[in-house]
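Reader: I am new to this structure and would like to go through some of its side-chain contacts step by step. Could we look at it together?

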Amino acid sequence: MAQVRPLKIQSRERTGTGGARATRRAGLVPGVVYGGKGAPAAIAIETRELEKAITTGGRFTSSLFEVELDGAKTRVVPRAVQFDPVTDRPVHFDLFRLESGTKVSLFIPVRFINHDASPGLKRAGVLNIVRHEVELICPADNIPSELVGDLTGLNFNDSLHISAFKLPEGVTPAIRNRDFTIASIAPPSVKGLDEEAPAAEGEAAPAAGAKAPAGKAAAPAAKAAAPAAPAKKK
């Protein structure tokens, strides 16, 4: 199961553009929590707290948090964060309630094991990771923390597709119409150095300025230019 982290939020009374500006002047980031059976609620969070949550762990919009609002604890997942185009600091965020029985689309990270059991990697092959994360449709009560890819037996040009991963019960890929590739084993690429071809035996290249060997005619001189035609008398 995915790890659930605490997130300290608070209610805010003022909404709209004026309320959001007042919240930011107080050093807070305005936001909204929605989804589930409850009505949307206006919330706020300290800027440092939100920035810490964004930069800690994996993808923020796929991380699970527990918030306390009006005395009740609720699991949520961030759905969107807006940033100031100049300062790059968060200015608004949205949280989605994860109630039992609901499903949510999340990007789940992929981890690979048994590198030593891959013949291709043993022979200096390269693990080409096509997808570091996979988008999955997950029940709120059964969200995986990661997908594990087994590299055992993979040789050059072998691929690991989504069908090779064991997904938790009720979890399905967001892409359903094809068995897409997660990773493959590529053969090593060796760049050869360009070397000059050796001279034929007994035919060493002459040094600069040396005369041509005897018995070999020199290249014929260029033909002299034809004499100019005499000028016509007027």
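Reader: Are Phe60 and Phe65 buried or exposed?

Author: This is a predicted model, in which local features need pLDDT of at least 70, side-chain atom pairs count only at pLDDT 80 or more, and totals for chains, interfaces and linings use all residues. Residues are numbered from 1 along each chain as its sequence is written, and side-chain values use heavy atoms, with hydrogens and water left out. On a scale where buried means under 20% relative accessible area, exposed over 50% and partly exposed in between (1.4 Å probe, protein chains only), both Phe60 and Phe65 are buried.

Reader: How many salt bridges does the count come to?

Author: A salt bridge is taken here as a side-chain nitrogen of Lys or Arg within 4 Å of a carboxyl oxygen of Asp or Glu. Among those found is the one between Arg75 and Asp141, whose closest N and O atoms are 3.5 Å apart, and by this rule the count comes to 4 salt bridges.

Reader: Which residue meets Arg59 in a salt bridge, and how many residues apart in sequence is the pair?

Author: The side chain of Arg59, which is partly exposed at 35% relative accessibility, meets that of Glu133 at 2.6 Å, N to O. Arg59 lies in the loop between helix H2 (47-55) and strand E5 (64-69), and Glu133 in strand E10 (residues 133-139), where helices (H or I, at least four residues) and strands (E, at least two) are DSSP runs numbered from the N terminus. The partner is therefore Glu133, and the pair ties together parts that are separated in sequence by 74 residues.
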